[in-house]
Amino acid sequence: MSASSSAAALRPVTHLIFDMDGLLLDTEHLYTIVFEEICGRFGKTYTWDVKSLVMGKKALEGAQIIRDVLDLPITKEELLHESKMKQEKIFPTAELMPGVDKLIRHLHKHNIPIAVATSSAEVTFQMKTARHKDFFGLFHHIVLGDDPKVKRGKPQPDAFLVCANRFHPPAPPEKNFVLYHTFLLASRRRGTDYLRRIWIFCLQSNKCSEMNCNCICCKICFV
């Protein structure tokens, strides 16, 4: 690693933005249950290959992808409506991911600016977080998928850029900005390399065996 790249890597972190599904909340398996049931009714299998195409997408866009890839005999609107009916029953059971409560409270205690940028719309966000209002109240702000300022869903970086701008004062992404995320953002190839990213592979353990330390966020990779 060159001296310049080493210096860039060691710049202090000042602000943190978190994704929600699969990182703060253990909701990804709930999505899987819902779409497995619906697709199974038509003799189709909702596989990881299909799911990986819709993760992070806005709801209607994701429904369109599932319908097209699996050739379901219903419209994207019908698929979305049925999935929402099932989600109303299952989303309020969502649990926090292991370790995140301790991590977020630690950051909040030490006055580290933290926020959430999620693709979830207001209605689904309220369902998912119904049992965790105190936890989500620790964040400076939360940007939702149906925020009018968020024009494009993930993996486009719009939500994160909007979120960064809502810190007071706004976060300076060209210098000190970090993203915690569950899958690699497209920001690198979208011309927004100034967003410093941490790709979180796992939050299942309080011990990071590969790094021989006791950090809450185990198995992290700077990208």
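## How α2 and α5 cross

A crossing counts as left-handed if the near helix is turned anticlockwise from the far one by less than a right angle, and as right-handed if clockwise. By that rule, α2 goes past α5 in a right-handed crossing. This is a predicted model, where local features need pLDDT of at least 70 and side-chain atom pairs count only at pLDDT 80 or more, while totals for chains, interfaces and linings use all residues. Residues are numbered from 1 along each chain as its sequence is written, and side-chain values use heavy atoms, with hydrogens and water left out.

Helices here are DSSP runs (H or I, at least four residues), numbered from the N terminus. The axes of α2 and α5 sit 10 Å apart, at an angle of about 135°; axes are lines fitted to C-alpha atoms over the stretch in contact, and angles run from 0 to 180 degrees between N-to-C directions. That makes α2 oblique to α5 (under 35 degrees is roughly parallel, over 145 roughly antiparallel, 65 to 115 roughly perpendicular, and the rest oblique). On the α2 side, the contact (heavy atoms within 4.5 Å) uses Leu30, Tyr31, Ile33, Val34, Phe35, Glu37, Ile38 and Arg41, and these meet Leu79, Glu82, Ser83, Lys86, Gln87 and Ile90 in α5.

## α4 against α5

Ala59, Leu60, Ala63, Gln64, Ile66 and Arg67 of α4 touch Lys76, Glu77, Leu79 and Leu80 of α5. Sorted by class, that contact has six nonpolar, one polar and three charged residues.

## The largest pocket

A pocket is an open set of points on a 1 Å grid over the protein atoms alone, with protein on both sides within 12 Å along at least five of seven lines; lining residues have an atom within 4 Å of a point. The largest one holds about 600 Å³ of space, a volume being the space filled by probe spheres set on the points, which are joined across faces, edges and corners.

Its lining runs to 34 residues, with Tyr31, Lys57, Lys58, Ala59 and Ser119 nearest the centre. Helix α5 gives the most to that lining, five residues.

Terms used. Helices (H or I, at least four residues) and strands (E, at least two) are DSSP runs, numbered from the N terminus. Ala, Val, Leu, Ile, Met, Phe, Trp, Tyr, Cys and Pro count as nonpolar, Asp, Glu, Lys and Arg as charged, and the others, Gly among them, as polar. On a 1 Å grid over the protein atoms alone, a cavity is a set of points where a 1.4 Å probe fits but cannot get out, and a pocket is an open set with protein on both sides within 12 Å along at least five of seven lines; lining residues have an atom within 4 Å of a point.
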